[in-house]
Amino acid sequence: PTPRTRRAQRFMLRAARSTRLLGAARVRARDQTQCRQLATMPDHAVDPFSALEHRMWEAGAGAYRDSFAKVTAQTTNALLDAAGVETTKAMSVAMAARESIADLGSRRAAATMEVSREGGMRVLDVATGTGVVADGAAARGASEVVAVDFSAAMLEQARAMAEAHPSGVVTLLEGDAAALPLPDESFDAVVIGFGLLHLPDPASALAEAHRVLKPGGRLAFSVWEEPSRGNDAFAALLDALAEHGDKEAALPDTSAGAPLPFFHFASLEASTTACAAAGFDKASVGLQRIPSSVSLRDEHELVEMFATSTARSRALLELQSADQLEAIRAAVAARVRKGFGGAWVQGEARSTAGAWRTGLPGAEEGEHVPQEFAATIGGAAKGTRWQGGRRSHLVPMPSVVVSAQKPVRTKKAK
């Protein structure tokens, strides 16, 4: 092993022995296999941008789980596909063997079964957050998933997911994406779900992903699409900030200067340049645009999501005065109400009558049964049953998935 590999191995050994394990008593009860924390963590206060990001995610982990994670989850399958994380034959057979997957709670029931993981991949999920992507990788039959995040609060949100899988399949690790304490060439795939632009040094994170990948392994990362390409959710917020917000409000610098623009990696050119600089095969870099959307109970929910469960956007909102913030909230709400009421069908907003614009039953969770003929709810007959959870507004919030391959090592001719 190289000197760097030996250092990483020693680092992992110290981490396993550390007294700063997350939930130490519960971890010891599971033989310390599910969740561990690095013995030495980076000082987030050294870098103002990192300090901001860390503070925001520590404070907003629960809100993120309940809101933004439901949008980012829509990209999970595309992200894993791009990284080459396929469902293993053993997992497919285990799923098919069930009489009714639906009766068992859909995919999660199949994912937690004790099935053979022979042939499964070793997957590294960087900036795992609440663990949605790690969960998806484990559900596909990965032999091991290491899920890394620098926020202990986020990892705490992911704990239940890790514990739902068989022991040793998912490991939660608190660490720095730009200095992974993991051996060289130890993973088949690396995924980074919406985390790259929250890092002070994305180039170092990409270089680390390249280092820990085996030759021929694949990297895939997701980022938000640009507002100019149909990302109406971000467009609503950014336009309101531009019109009503403080023009001097800005994010703090990284150690190298101003952070990259938020939508930097939504460009194939920028992503190709960055991946090639990190050592990935330039010809292998690909980009696909993923349609996704955020469903809202009312016109005010979008700005509340940005204000409570993000980092960069929340920081900018917190820099506004009370009057500016009120104007921003009103502008975003008006845009949602005017442009995205009803259903979003094939790229076009279809405003529907009555039921979508009024507070009729359906937005709350649970089953609903009209007691009399309900003309205002599409003429529903008495006794008709339907599941609640209906949302009044659906706003497009597409993303981009970029993938690249680490070159395969070629044998030298004798």
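Visitor: What is the pLDDT average of the protein, and how should I read it?

Guide: pLDDT is the predictor's confidence in each residue, from 0 to 100. This predicted model averages 81, and 72% of the residues score at least 70. Over residues 3-45 the pLDDT is below 50, and this stretch has 85 contacts in the model beyond near neighbours in sequence. A contact means heavy atoms within 4.5 Å. Residues 99-107 also have a pLDDT below 50, with 9 such contacts.

Visitor: What conventions apply?

Guide: Residues are numbered from 1 along each chain as its sequence is written, and side-chain values use heavy atoms, without hydrogens and water. In this predicted model, local features need pLDDT of at least 70 and side-chain atom pairs count only at pLDDT 80 or more, while totals for chains, interfaces and linings use all residues.

Visitor: How many helices and strands does the secondary structure come to?

Guide: Helices (H or I, at least four residues) and strands (E, at least two) are DSSP runs, numbered from the N terminus. The protein has 15 helices and 14 strands. Among contacts between residues at least 6 apart in sequence, 76% join residues at least 24 apart.

Visitor: What share of the residues is buried?

Guide: Buried means under 20% relative accessible area, exposed over 50%, partly exposed in between (1.4 Å probe, protein chains only). Buried residues make up 49% of the 414 residues. Take helix H8, residues 132-139: 7 of its 8 residues are buried, so the rest of the structure largely encloses it. Among them are Val133, Asp135 and Gly136. Just after H8, glycine 141 takes a positive phi of about 100°.

Visitor: Which residues does threonine 76 contact, leaving aside neighbours within four places in sequence?

Guide: Val132 and Val133. Threonine 76 lies in helix H5, residues 76-82. Threonine 76 is buried, at 8% relative accessible area.

Visitor: At what angle do helices H11 and H13 pack?

Guide: Axes are lines fitted to C-alpha atoms, for helices over the stretch in contact, and angles run from 0 to 180 degrees between N-to-C directions. Under 35 degrees counts as roughly parallel, over 145 as roughly antiparallel, 65 to 115 as roughly perpendicular and the rest as oblique. H11 (residues 232-244) and H13 (residues 301-308) pack at about 80°, with axes 11 Å apart. That makes H11 roughly perpendicular to H13. Ala233, Phe234, Ala236 and Leu237 of H11 meet Leu302, Val303 and Phe306 of H13.

Visitor: How is a pair of aromatic rings described?

Guide: By the distance of the centres and the angle of the planes. Rings of Phe, Tyr and Trp (its six-membered ring) pair if their centres lie within 6.5 Å; planes under 30 degrees apart count as stacked, over 60 as edge-to-face and the rest as tilted. The structure holds 11 aromatic pairs. In one, phenylalanine 194 and tryptophan 224 have ring centres 4.4 Å apart and planes at 40°, so the pair is tilted. Phenylalanine 194 sits in the loop between strand S5 and helix H10, tryptophan 224 in strand S6, 30 residues apart. Phenylalanine 194 is buried at 12% relative accessibility, and tryptophan 224 is buried at 7%.

Visitor: How far apart are the ring centres of phenylalanine 221 and phenylalanine 265?

Guide: The centres are 5.8 Å apart and the planes at 80°, so this pair is edge-to-face. Phenylalanine 221 lies in strand S6 and phenylalanine 265 in the loop between H11 and helix H12, so the pair ties together parts 44 residues apart in sequence.
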